[in-house]
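This report describes a single protein chain together with its ligands. Please keep the sequence and the structure in view while reading.

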Amino acid sequence: MLRAGLLVGPLVGLVIGLWGCQQGSPKIVHRSELHMGTTVTITVVAREDEAKYALDMGFAEVAAMEAVFSSYRADSHLSKVNTAAGDEPVLVPESFIVLLKHALLVARQSGGAFNPLVGPAVKRWGIPEAPRVPSDAELNALHSLLDLAEVHINPIRGTVYLSRPGMALGLGGIAKGFTADRVVVRLKEHGINGGIVAVAGDVTTFGLRPDGTPWRIGVRNPQGGDAPLRQLALTDGAVSTSGDYERFFELDGVRYHHILDPRTLRPARVGLTAVSVLAPSGVLADGYATALFVMGPKAGLALAEHLEGIEALFVADTGAIISTSGWPDG
Ligand code: AMP
Ligand code: MG
């Protein structure tokens, strides 16, 4: 009896040891890669063996979205739509139509402060790759290309048509948050119940940390430094920040940044340095952060208070901070 007992002991230990080694316990695993001209970080709660596959799938989705929305790639669907402006409708994937509808919604709600047709003007400013200050004549010639009524979506045929030659969509103000949302969907499909997808300053979270607590997301201090300006506890939600420090160049002491006021087609100057938006989805957080930056603290605050599920934090040039009444402080 005693001998049998001795024999069983190590065997059980070995079996338990192997089982433990294969299963492991879920932990936080993250990976960063360069995509869309920026750093994308995907964080998942998973066992080591599951995490690798999930992260591979997540980054494959980022690459797939980049192939649809990139304005730098001539073969993207976005570039094909722009090339065919004034000519013919272009067949696009469903994701294109879903994102474009969101962009038009944010454009409408913001009274045109957000306008995805600023694409040609964004190119003229060349931020960040070939920065220059376009002439008044150059910018004036682009005002006729901003009419959102000339963006035609045919959801039945799955086509998008820009009806004036020279028009061009640029979805850089909203595609990062949308991509983060899409990655979350992919991760959930692969059995992941909690994580964070951060495409630069556009962050979507889902589920909980392994210890059952919410994710803590820091809002960057535009004045710099490692300490976050604010900490947010998020489970299923999104936060985006738009700031004049993200992409800019300086000439003769003037800072020219990448968020344009569609009325002037020049960098929006409203006394703000950053706007952060909390929303139920990344696409809305991203779109409204850009929109509210253009609108400025007064009109932007009024719009954010009016929109259900949207909270906003404005950081003025002076360092002063204003937020909507529902912004979760602390
Ligand atoms: P974000 O970093 O999300 O605020 O987006 C900024 C990017 O959106 C810029 O780099 C441009 O590509 C694009 N953009 C600039 N101004 C506008 C605008 N008024 N409406 C929509 N997109 C814009
Ligand atoms: Mg944005």
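Glycine 173 has a relative accessible area of 18% in this predicted model. Residues under 20% count as buried, so glycine 173 belongs to the buried class. Threonine 290 is buried as well, with a relative accessibility of 14%.

The magnesium ion (ligand 2) is coordinated by Gly173 through O, by Asp286 through O and OD, and by Thr290 through OG1, at 1.9 to 2.3 Å. Along the sequence, the donor residues follow the spacing G-x112-D-x3-T. Glycine 173 sits in the loop between E5 and helix H7 (175-189), whereas threonine 290 belongs to helix H8 (residues 282-306); the pair therefore ties together parts that are 117 residues apart in sequence.

Ligand 1 is the next topic. There are 17 residues around ligand 1, and those that come nearest are Asn115, Ser242, Leu260, Asp286 and Thr290. Asp286 and Thr290 are also donors to the magnesium ion.

| Residue | Part of the residue | Atom of ligand 1 | Distance |
|---|---|---|---|
| Alanine 113 | backbone N or O atom | nitrogen | 3.0 Å |
| Asparagine 115 | polar backbone atom | nitrogen | 2.9 Å |
| Aspartate 286 | side-chain N or O atom | oxygen | 2.9 Å |

E4 is joined to strand E5 (residues 159-162) by 4 bridges, and the two run antiparallel. Within this pairing, histidine 152 has tyrosine 161 in E5 as its bridge partner.

Helix H4 contains serine 95. Is serine 95 buried or exposed? With a relative accessibility of 6%, serine 95 counts as buried. Leaving aside residues up to four places away in sequence, serine 95 touches Met65, Val68, Phe69, Phe178 and Arg182.

Two further strands can be described by their surroundings. In a regular strand, side chains alternate between the two faces of the sheet. Which residues lie on each side of E16? Glu311, Leu313 and Val315 are on one side, Ala312, Phe314 and Ala316 are on the other, and all are buried. Strand E16 (residues 311-316) thus has 6 of its 6 residues buried, so it is largely enclosed by the rest of the structure.

E16 pairs with two strands described here. Strand E15 (residues 272-279) is antiparallel to E16, with 6 bridges, and leucine 278 stands opposite glutamate 311 in E16. Strand E17 (residues 321-323) is also antiparallel to E16, with 3 bridges; the bridge partner of phenylalanine 314 is isoleucine 322 in E17. The hairpin of E16 and E17 has 4 residues between the strands, and glycine 319 in this hairpin takes a positive phi near 100°.

Strand E6 (residues 195-199) is mostly covered, with 5 of its 5 residues buried. Gly195, Val197 and Val199 point one way from E6, while Ile196 and Ala198 point the other way. Strand E2 (residues 38-46) is joined to E6 by 5 bridges in an antiparallel arrangement, in which threonine 43 stands opposite isoleucine 196. E6 also pairs in the antiparallel sense with strand E7 (residues 202-206), over 5 bridges. Alanine 198 has valine 203 in E7 as its bridge partner. E6 and E7 form a hairpin with 2 residues between them, and alanine 200 in the turn has a positive phi of about 50°.

Finally, the chain may be considered as a whole. It contains 8 helices and 17 strands, and its C-alpha trace spans about 95 × 45 × 40 Å along the principal axes. Of its 330 residues, 47% are buried. Among contacts with a separation of 6 or more, 60% are between residues 24 or more positions apart.

Technical notes. Residues are numbered from 1 along each chain as its sequence is written. Chains are lettered from A and ligands numbered from 1 in the order in which they are written. This is a predicted model: local features need pLDDT of at least 70, side-chain atom pairs count only at pLDDT 80 or more; totals for chains, interfaces and linings use all residues. Side-chain values use heavy atoms; hydrogens and water are left out. Two strands pair if DSSP finds at least two bridges between them. Donors are N, O and S atoms within 2.8 Å of the metal (3.2 Å for Na, K and Ca); water is not among the atoms, so sites may look incomplete. Buried means under 20% relative accessible area, exposed over 50%, partly exposed in between (1.4 Å probe, protein chains only). A residue is near a molecule or strand if one of its heavy atoms lies within 4 Å of it. A polar contact is a pair of N or O atoms within 3.5 Å; within protein, one must be able to donate a hydrogen and the other to accept it, and residues adjacent in sequence count only if both atoms are side-chain atoms. Contact means heavy atoms within 4.5 Å.
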